[in-house]
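The sequence and structure are shown first.

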Amino acid sequence: MTDPHTPAPPAADLLAGVGRALGARSTVRDAVPARKDSHVWRLALPNDVHFYLKVCRHPLAYEGETFALRTAADGAENHLREAEDRVTSPQQQLVRDLAADLRVLPALPLAFIHGDAWDRNLLWSRSRGQAGWIDCERSHFAPAVQDFVMLACSTWVDRPELRTACLQGYGRDLTPEEEHALRCLAALDAVSCLHWGPRLGDHEVTAHGKRTLDRLTTGVFA
């Protein structure tokens, strides 16, 4: 008898096809053990090589998933390649690990985000006694946590009380999954800054990326 709450292993024919594609037989472990309906597995290959296998529930989800993975993970590799001399080997591995984590995160809460949420676009109204966003030309539907990446990598670093105030005004705290997604997205933002900052001669952007990556490396990012 099997536990009904234990996630099922991947189908034998699917696993065989994955083995052929990877060129090796893998050890399979559920990647989201807390979810009984998980369709994500962690595949361990020889020489400490790991892959994730995910089965999407319908074609539209598959299209969205593959598009996102091509632009998040591939984007990280492109930026790492350009910023290689400014990123240590351990930092490169950390960025790759966090980019890979984006592939197995569960669905995150969606919102109509600002899309360019730098503090310079947040103004205070004395008459109304409240803050408001300007320059909304990049607004779009996306995971809500994306709007907090720039703040988490800049304003909140030296003023953690502003993070508390911002989320209080937002109406809720970030979920544990969003907190981890914030770290993953911050890593991608950091290598993007280390790519474009020197290329554009923008020392502030370069320093911004280096500081974020240093904080992620030392485990003090929050």
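Helices are DSSP runs of H or I with at least four residues, numbered from the N terminus. The model described here is predicted.

## Glu82 in helix H2

Helix H2 spans residues 59-82, and Glu82 lies within it.

## Packing of H3 against H7

In general, a pair of packed helices is described by the distance between the two axes and the angle between them. For helix H3 (residues 89-101) and helix H7 (residues 176-200), the axes come within 9 Å and cross at roughly 130 degrees. The crossing of the two helices, H3 and H7, is left-handed.

On the H3 side, the contact is made by Val95, Leu98, Ala99 and Asp101. H7 contributes His180, Arg183, Cys184, Ala187, Leu188 and Val191. Sorted by class, the residues in the contact of H3 with H7 are seven nonpolar, one polar and two charged.

## Nonpolar cores

The largest nonpolar core contains 32 residues. Which residues have the most contacts inside it? They are Val95, Val145, Leu182 and Phe221. At least two residues of this core come from each of H2, H3, helix H4 (149-152), H7 and H8. H7 provides the largest share, with 10 residues.

Leu182 touches Val145, Phe148, Val149, Ala152, Arg163, Leu174 and Phe221, when residues up to four places away in sequence are not counted. Another core, of five residues, lies apart from the largest one; among its members are Val18, Trp41, Leu45 and Leu53.

## His208 in helix H8

His208 is found in helix H8, which covers residues 203-218. With a relative accessible area of 12%, His208 is buried, because the buried class comprises values under 20%.

Which residues does His208 touch, not counting those up to four places away in sequence? The contacts of His208 are with Trp118, Cys153, Ser154, Asp189 and Cys193.

Note on methods: Residues are numbered from 1 along each chain as its sequence is written. This is a predicted model: local features need pLDDT of at least 70, side-chain atom pairs count only at pLDDT 80 or more; totals for chains, interfaces and linings use all residues. Side-chain values use heavy atoms; hydrogens and water are left out. Axes are lines fitted to C-alpha atoms, for helices over the stretch in contact, and angles run from 0 to 180 degrees between N-to-C directions. A crossing is left-handed if the near helix is turned anticlockwise from the far one by less than a right angle, and right-handed if clockwise. Contact means heavy atoms within 4.5 Å. Ala, Val, Leu, Ile, Met, Phe, Trp, Tyr, Cys and Pro count as nonpolar, Asp, Glu, Lys and Arg as charged, and the others, Gly among them, as polar. Buried means under 20% relative accessible area, exposed over 50%, partly exposed in between (1.4 Å probe, protein chains only). A nonpolar core is a set of buried Ala, Val, Leu, Ile, Met, Phe, Trp, Tyr and Cys residues joined through side-chain atoms within 4.5 Å.
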